[in-house]
Amino acid sequence: MIITKKKRYNIIKILIIVCLIILLFIVGVYCTKIISLMRLDYTLLESVTICNNGVYDDILSKGYSSSITKIIGDKNYIDKYFDSYFYIEYYNQENFLVYINNLLDLGYTSDEINIINKRNDLVLKKYLEHTYVKNINKWLEYPYFKSELIDRYLSYFSGDYERAIIDVNIGLDKNFYEYTTIVKDFSISMLVNKYNELDSSFTPVNLVLLDNCTEGEHYLVKEAKEAYDEMCLASKNAGMNLSVTSSYRDYKSQEETVEYYLNLYGQDYVDNYVAKAGFSEHQTALALDVKSSVASPFRTTPEYKWMVDNSYKYGFILRYPEGK
């Protein structure tokens, strides 16, 4: 068949027109997708990134994500985790997606991952990257959760997350007087108990003799004495009659106290109610035992109720509530 020059020209012309129509259609579809994404609050650049990575339909059905465009462009992106990626908050840090993938591999949800990341605890992140902790979000609800104690929390846990954290923080997952910490320096916030021990030579500074609401010779450190004086005055104004039965005891005095109660009531009583020497808060001179000077037993008196309701106002607490 012989095609004339004119016919050949017309065929080429038609082919060009068809190509232009196809191109315009493709461009039109692409532009429509870009516009649809921008209506969801994605920027032009983010919209182009989404279209170029082939996840337009998935994202259009989900809506807006502040992180997904940063994640889909990462070389460590994994298709099967798209649904989780969509809800993960992005952080600009080295190997972010590698870390996220490790957590997803272990079974953490996007919500749990966001909670972990917000805590920004490097010790915790390193631990969880290789270990699955069920309901990690419930553990992290409590600001006093300590990541370095997580193994102890898990071993001690019996259903109550807060109780496990508090008990382990105190040391109640260990036997009394084991794995103790030596407290060397005095401060009004120092903690002394069956896990935090004072040396036999420890003597608090600024010991002052009590001269209000007291009987006999009792000492506290200056700050505690001043606080007790304020409380004494307030109690008198409220019609109460407070007095002190015991305050500062040095190491030797506490040894004598233990021996006294051991002879009187036996070892079980001492183990439950009397601190060994070095483990008594009385040695800090920040603690004291009070009573009603007009009635007993103390727990049944108006003075006791007043103390429970008001002592915190002056810096004191009931150290061992019933059952503790």
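Is D167 buried or exposed? Let's begin there, everyone, and keep in mind that we are looking at a predicted model. D167 is buried, with a relative accessible area of 7%. Its partner is R163: the two form a salt bridge in which the closest N and O atoms are 2.9 Å apart. Both residues belong to helix α11, residues 161-170, and they sit four residues apart, about one turn of the helix. As a reminder, an α-helix has 3.6 residues a turn, so residues three or four places apart point the same way. R163 itself counts as partly exposed, at 34% relative accessibility.

Let's stay with charges for a moment. Searching the whole structure turns up 11 salt bridges. One of them joins the side chains of D83 and K62, at 3.3 Å from N to O. D83 is in helix α5, residues 82-85, while K62 is in helix α3, residues 56-62, so this pair ties together parts that are 21 residues apart in sequence. D83 is partly exposed at 48% relative accessibility, and K62 is partly exposed too, at 29%.

Next, please find E215 and K291, another salt bridge, with 3.7 Å between the closest N and O atoms. Here E215 lies in the loop between β3 (207-209) and β4 (219-221), and K291 lies in strand β6, residues 289-292, so the pair ties together parts that are 76 residues apart in sequence. E215 is partly exposed, with a relative accessible area of 41%, and K291 is partly exposed at 29%. There is also a network: salt bridges that share partners join D211, K225 and D229.

Now for the nonpolar side of things. In soluble globular proteins, nonpolar side chains tend to be buried together. In this model the largest nonpolar core has 42 residues, and those with the most contacts inside it are I59, Y85, I100, L128 and W139. Helix α6, residues 96-106, gives this core its largest share, six residues.

Which residues of α13 are buried? They are Q254, T257 and V258. These residues are on the same side of α13 because they cover an arc of only 100° around the axis. The cover over them includes α14 (267-273). On the face turned away from the buried side, you will see the exposed residues K252 and N263. After α13 comes G266, with a positive phi near 100°.

My last stop is N196, in strand β2, residues 196-198. N196 is buried, at 15% relative accessible area, and its side chain makes a polar contact of 2.8 Å with the side chain of N193. Not counting residues up to four places away in sequence, N196 touches T181, V183, L191, G278 and F279. Y177 is 19 residues from N196 in sequence, with 8.3 Å between their C-alpha atoms.

Definitions and conventions. Residues are numbered from 1 along each chain as its sequence is written. This is a predicted model: local features need pLDDT of at least 70, side-chain atom pairs count only at pLDDT 80 or more; totals for chains, interfaces and linings use all residues. Side-chain values use heavy atoms; hydrogens and water are left out. Helices (H or I, at least four residues) and strands (E, at least two) are DSSP runs, numbered from the N terminus. Buried means under 20% relative accessible area, exposed over 50%, partly exposed in between (1.4 Å probe, protein chains only). Contact means heavy atoms within 4.5 Å. A polar contact is a pair of N or O atoms within 3.5 Å; within protein, one must be able to donate a hydrogen and the other to accept it, and residues adjacent in sequence count only if both atoms are side-chain atoms. A nonpolar core is a set of buried Ala, Val, Leu, Ile, Met, Phe, Trp, Tyr and Cys residues joined through side-chain atoms within 4.5 Å. The arc is that of the directions from the helix axis to the C-beta atoms. A salt bridge is a side-chain nitrogen of Lys or Arg within 4 Å of a carboxyl oxygen of Asp or Glu.
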